[in-house]
Structures are given as C-alpha cells and as structure tokens.
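This report describes selected features of a single protein chain. The sequence and the structure are shown first, and the notes follow by topic.

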Amino acid sequence: MAEQDKISVKASDEQMLYANILNKGMIIGIVVLLITYAVYVSGMLPTFIPVEDVPSTWHKSVAEYTHDYNAPTGWGWANYIGKGDYLNFVGIAILAAVSILCYAAIVPGLMRKKDTVLVIIVILEILVLSFAASGILKSGGH
C-alpha cells in the first residue's frame with residue numbers, strides 16, 4: 001500500500017466525549033444490575049412476586065400478567081422500587097438513559113463549533129428519546 005493510500009481517522013472531541021460517557025454509563029448500569037439482582041435473589045428486600053412463583057408467570061401474556069397480579073405498567077414500577085424484583089429496573093433505566101445523557105453532553109461542543117444542523121439533529125434526538133421513554137404514547141407495553 002502506497003503512503004498516500006493510508007488514511008488516518010481521528011475521532012472528534014464530541015465523539016470521544018459521547019463514547020466515554022457511554023462507556024462509563026454502561027459500566028454503572030451493569031454494576032447496578034448485578035447489585036440489584038443480588039439483592040433480589042438474596043431476599044434482602046420483599047418482592048412483588050415471590051421468587052418461587054416467577055416460573056409460573058412465564059407463560060402469561062403481558063396483559064394477563066398485569067391483570068392477574070395488578071402489576072404496574074410504564075413508569076409505575078418506580079412506585080415499587082422497595083421491592084426486590086422492581087429494584088432491578090433501576091439498572092435498566094440507567095442503561096436506557098445513557099444515550100440521552102451522551103447526546104446532551106455533546107450539544108455545548110457542537111454549539112461552540114457552530115454546527116447548527118448537527119445541534120438541531122442532536123436536540124431532536126434527545127426530544128424523541130425522552131418522549132419515547134416518558135411512556136406518554138402508551139405503546140410498547142407501557
């Protein structure tokens with residue numbers, strides 16, 4: 001390969017910031033998942049559904065499960081954070097929110113660079129992800 005054919009690719013500051021936040025957020029989310037799962041299976045907290053009863057729920061549809069157990073939907077799980085089985089959702093929420101945080105973190109740098117089109121796209125992405133996570137649409141099992 002000739003010297004002129006070699007391409008040097010360097011990530012932008014925003015790409016590096018996004019990647020670093022994503023990496024740290026992913027690690028935090030997984031650690032929280034592991035800790036909350038250990039709390040759940042250890043029985044340190046009461047559960048919404050007893051651990052031994054969980055296999056009997058696996059065949060149920062979401063509608064049957066929520067009806068039969070009066071289980072919360074959407075963000076209703078947050079009201080049951082003191083229950084071991086719903087405490088696990090904290091790690092999932094962290095993992096789901098990391099992308100929004102990453103996008104929010106890169107906006108100031110993009111604004112300093114006066115990259116208006118990308119600023120608009122990133123802000124729209126933040127709004128779409130936040131709107132989807134809010135459960136307002138009541139879709140996707142919410």
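## Nonpolar surface patch

Val31 counts as partly exposed because its relative accessibility is 40%, which lies between the 20% and 50% cut-offs. Val31 is found in helix H1. The model is a predicted one, and the values reported here are computed from it.

Val31 belongs to a nonpolar patch on the surface, together with Met26, Ile27, Ile30, Leu34, Ile35 and Leu95. The accessible area of these residues together is about 580 Å². Helix H1, which covers residues 13-42, supplies the largest share of the patch, namely six residues. As a general point, an α-helix has 3.6 residues a turn, so residues three or four places apart point the same way.

## Salt bridges

The structure holds two salt bridges. In one of them, Glu14 is paired with Lys113, and the closest N and O atoms are 2.7 Å apart. Glu14 lies in helix H1, whereas Lys113 lies in the loop between helix H4 (89-112) and helix H5 (116-134), so the pair ties together parts that are 99 residues apart in sequence. Glu14 counts as buried because its relative accessibility is 10%, and the cut-off for that class is under 20%.

Asp68 forms a salt bridge with Lys60, again with the closest N and O atoms 2.7 Å apart. Asp68 has a relative accessible area of 42% and is therefore partly exposed. Lys60 is partly exposed as well, with a relative accessible area of 22%.

## Aromatic pairs

A search of the whole structure finds nine aromatic pairs. One of them joins Trp77 and Phe89 in a tilted arrangement, with 5.5 Å from centre to centre and 50 degrees between the planes. This pair links distant parts of the chain, twelve residues apart: Trp77 sits in the loop between helix H2 (62-69) and helix H3 (84-87), and Phe89 sits in helix H4.

Are the two partners buried or exposed, or in between? Trp77 is buried, since its relative accessible area is 10%. Phe89 counts as partly exposed because its relative accessibility is 33%.

## Helix H4

H4 has 24 residues. The distance from its first C-alpha to its last is 36 Å, close to the 34 Å expected at 1.5 Å a residue. At Ala97, H4 bends by about 35 degrees.

Which residues of H4 are buried? They are Gly91, Val98, Ile100, Cys102, Ile106, Val107, Gly109 and Leu110.

## Positive phi angles in loops

Most residues other than glycine have a negative phi. Asn70 is not a glycine, yet Asn70 has a positive phi of about 50 degrees. Asn70 is found in the loop between H2 and H3, and counts as exposed because its relative accessibility is 61%.

Lys114 likewise has a positive phi, of about 60 degrees, although Lys114 is not a glycine. The position of Lys114 is in the loop between H4 and H5. With a relative accessible area of 69%, Lys114 is exposed, the cut-off for that class being over 50%.

Conventions:
Residues numbered from 1 in each chain as written. Predicted model: local features only at pLDDT ≥ 70, side-chain atom pairs only at ≥ 80, totals over all residues. Heavy atoms only, no water. Patch = residues over 30% accessible without salt bridge, like charges linked within 9 Å, V, L, I, M, F, W, Y side chains within 5 Å. Areas by Shrake-Rupley, 256 points an atom, 1.4 Å probe, with all protein chains shown as cover. Salt bridge = Lys/Arg side-chain N within 4 Å of Asp/Glu carboxyl O. Helix = DSSP H or I, 4+ residues; strand = E, 2+ residues; numbered from the N terminus. Buried < 20%, exposed > 50% of the residue type's maximum accessible area, 1.4 Å probe, protein only. Phe/Tyr/Trp six-rings, centres within 6.5 Å; stacked < 30°, edge-to-face > 60°. Expected span 1.5 Å × (residues − 1). Bend = angle between axes of the 7 residues up to and from the residue.
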